[in-house]
Every structure is written in structure tokens, then in C-alpha cells.
Amino acid sequence: MPGILAALERRLEAAGVDGANDITCLPTGWVWIGEVLTHHLCRLAGAIDEVIYIDDIKEKFGSLRVYVCCDGDARAELQALAAWAESASEGRCMVTGRPGRIRSAGWAFCLSDRLAALHGRDPQLVMELMYPKAIDPT
């Protein structure tokens, strides 16, 4: 996953989207949302004569939050895109992207039944699956 997220970051940077590095914070199960988000942000960045800013992309209360803005008329489209991303993440496992529900174990995660059971046995493993580290080729 780190390679996919890095590729999305490069696409956003090439399109002139400010704050592109925030796309790399997505959990594994929501990478497909990041792919759609990147496609539309790049398309919009090429169609308008203003800079798009990603202020933050994060998980909050078990769903995705995208804070993105610009200074001109595209604000409404950006807000609709952010709302879509949040809606698309709701009820989606943060590890697999399959149906899930909010689990609270000190922190709210959206997990499938299988991943919730695994989290009960090995929370560190689930976190590593959710947010894999970049592979060091050396």
C-alpha cells in the first residue's frame, strides 16, 4: 500500500494540489477512496485557474475526513467531493474495505467482524495491516 499512496501523492503534486502528502495517511481499506479522490482532485485542478489545498485527510470516529479548499468557485465541488469521501468510508473496514462497523476500544475503528476479532487478540497486527510501513529495499 505505501507504494500506491506514494503514487497518488505524486499525481496530486504533478497536478499542483497543495498538501498532497496528506493522501499517504489513508488506511489500507480506504485506499480505493483515495484513488477516486485523487482522480477528481487532479481533474478539477486542471480545469480551474486556482490552487487546491488539502488541509488534512484523517480518520475521525471511524470514518474518513477530507479537509480541502480553494479560493474560488470550485469550493462547492470540493466540499461535495469531501462529503462523498466521508460517506464512502462509513461502514467500510479500515483494513479490508469490506463492510464493517464502528468498534471502540479506546479509539473508534471501523472493522469487519473478522478484523475486530483479530484486533481483540493482536491489536498491533491490525494496526500494521491498517497502516503498513513502507518497505525498505536495502
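In this predicted model, helix α2, spanning residues 31–47, packs against helix α3, residues 75–89, at an angle of about 170°, the two axes lying 10 Å apart. Since angles over 145 degrees count as roughly antiparallel, α2 and α3 are therefore roughly antiparallel to each other. On the α2 side the contact is formed by Trp-32, Ile-33, Val-36, Leu-37, His-40, Leu-41, Arg-43 and Leu-44, and α3 contributes Glu-77, Leu-78, Leu-81, Trp-84, Ala-85, Ala-88 and Ser-89.

The buried residues of α2 are Val-31, Ile-33, Gly-34, Leu-37, Thr-38, Leu-41, Cys-42, Leu-44 and Ala-45; seen down the helix axis, they fall within an arc of 165°, so they line one face of α2. An α-helix has 3.6 residues a turn, so residues three or four places apart point the same way. Gly-46 and Ala-47, on the other side of α2, are exposed.

Ala-20 has a relative accessible area of 4%, and because buried means under 20%, Ala-20 is buried. When its neighbours within four places in sequence are left aside, Ala-20 is in contact with Glu-9, Leu-12, Glu-13 and Ile-54. Ala-20 and Ile-52, although 32 residues apart in sequence, are 9.7 Å apart in space from C-alpha to C-alpha.

Notes:
Residues numbered from 1 in each chain as written. Predicted model: local features only at pLDDT ≥ 70, side-chain atom pairs only at ≥ 80, totals over all residues. Heavy atoms only, no water. Axes fitted to C-alpha atoms, helices over the stretch in contact; angles between N-to-C directions. Helix = DSSP H or I, 4+ residues; strand = E, 2+ residues; numbered from the N terminus. Parallel < 35°, antiparallel > 145°, perpendicular 65-115°, else oblique. Contact = heavy atoms within 4.5 Å. Buried < 20%, exposed > 50% of the residue type's maximum accessible area, 1.4 Å probe, protein only. Arc of directions from axis to C-beta.
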